[in-house]
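Subject: Structure for your review

Dear colleague,

Please find below the structure that I am handing over to you. My notes on what was found in it follow directly after.

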Amino acid sequence: RIDLAAQITGGVLTVNESYQTANDNKIDFGTVYVGEQAVRTITLVNSGDGDLTIMGINVDDANFVSSVVLDYGSSEDDLVLAIGESMTVTVSYSPDGIEEVSGNVTISTDDCESPEAVVGLCAVGNSNALEIVEADGTEDGIIAFGHVQVNQQHQVNAWVVTNHGNT
């Protein structure tokens with residue numbers, strides 16, 4: 001009788017993003033106004049015990065732009081992360097008008113247990129140039145004036161008005 005044992009070593013992809021709910025593999029850009037750009041980051045970490053080859057990083061919706069694009073199937077542009085090494089990928093969104101968009105960033109690797117990781121993306125484009133929000137940031141519809149004495153004046157900065165337009 002011969003006992004055989006094998007240990008598989010290799011890279012393991014860990015995807016980190018910290019927007020809204022950390023590391024849920026979803027990034028909500030929120031509302032972005034025409035003429036502005038929102039940028040979010042995704043950190044790819046090799047948490048395995050061997051090299052990790054990243055063979056593809058692709059975004060499936062043209063409304064989102066990735067700082068790194070690797071075509072899966074073309075080994076010429078593969079990236080290798082050593083043990084513990086990480087890299088940051090930025091994804092940006094700039095709306096063309098009023099729109100609700102969603103897409104995915106797909107990361108393809110040689111991780112034998114999970115060769116593909118997907119991060120969901122969503123955003124709302126808004127072309128309204130004027131934004132009015134409560135100065136206290138609560139958006140609860142309540143403006144607190146505090147304690148005001150009779151025959152006294154009290155000034156409250158109740159709203160913040162922002163012109164997102166170009167005029």
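This is a predicted model: local features need pLDDT of at least 70, side-chain atom pairs count only at pLDDT 80 or more; totals for chains, interfaces and linings use all residues.

I begin with S108. Leaving aside its neighbours within four places in sequence, S108 is in contact (heavy atoms within 4.5 Å) with T53, I54, M55, G56, Y72, P115 and E116. This residue sits in strand β8, where strands (E, at least two residues) and helices (H or I, at least four residues) are DSSP runs numbered from the N terminus. S108 counts as buried because its relative accessibility is 8%; buried means under 20% relative accessible area, exposed over 50%, and partly exposed in between, with a 1.4 Å probe and protein chains only.

Residues are numbered from 1 along each chain as its sequence is written, and side-chain values use heavy atoms, with hydrogens and water left out.

Overall architecture

The protein chain contains eleven strands and zero helices. Of its 167 residues, 32% count as buried. Among contacts between residues at least 6 apart in sequence, 69% join residues at least 24 apart. The accessible surface of the protein chain is about 10700 Å², and 48% of this belongs to carbon and sulfur atoms; such areas come from the Shrake-Rupley method with a 1.4 Å probe, and for residues only the protein chains shown count as cover.

The nonpolar core

A nonpolar core is a set of buried Ala, Val, Leu, Ile, Met, Phe, Trp, Tyr and Cys residues joined through side-chain atoms within 4.5 Å. The largest one here has 26 residues, and F29, L44 and I57 touch the most other members. At least two residues of this core come from each of β1 (13-16), β2 (26-33), β3 (38-46), β4 (52-59), β7 (86-93), β8 (99-109) and β9 (116-126). For F29, the contacts beyond its neighbours within four places in sequence are A38, V39, R40, F64, V91, S92, Y93, L121, C122 and A123.

Two strands pair if DSSP finds at least two bridges between them. Strands β3 and β7 run antiparallel and are joined by eight bridges. Strand β5 (residues 64-66) is also antiparallel to β7, with three bridges between them. V91 in β7 is the bridge partner of R40, and V91 is likewise the bridge partner of S66.

G35 lies in the loop between β2 and β3 and counts as exposed because its relative accessibility is 76%. The C-alpha atoms of G35 and P95 are separated by 7.4 Å, although the two residues are 60 residues apart along the chain.

S75 belongs to the loop between β5 and β6 (79-81). With 58% relative accessibility, S75 counts as exposed. Its C-alpha atom is 6.8 Å from that of M55, which is 20 residues away along the chain.

Which residues other than glycine have a positive phi? N25 has a phi of about 60°, and N151 has one near 65°. N25 lies in the loop between β1 and β2 and is partly exposed, at 27% relative accessibility. N151 is in the loop between β10 and β11 and counts as exposed, at 79% relative accessibility.

V12 is found in the segment before β1 and is partly exposed, with a relative accessible area of 34%. Beyond its neighbours within four places in sequence, V12 is in contact with V45, N46, S47, G48, L52 and D111. V12 and S114 are 7.9 Å apart in space, C-alpha to C-alpha, and 102 residues apart in sequence.

L130, I132, W159 and V161 make a nonpolar surface patch of about 460 Å². Patches are made of residues with over 30% relative accessible area and no salt bridge, like charges being joined within 9 Å and nonpolar side chains (Val, Leu, Ile, Met, Phe, Trp, Tyr) within 5 Å; a salt bridge is a side-chain nitrogen of Lys or Arg within 4 Å of a carboxyl oxygen of Asp or Glu. Strands β10 (130-134) and β11 (159-163) each supply at least two residues of the patch. I132 is in β10 and counts as exposed because its relative accessibility is 52%.

With kind regards
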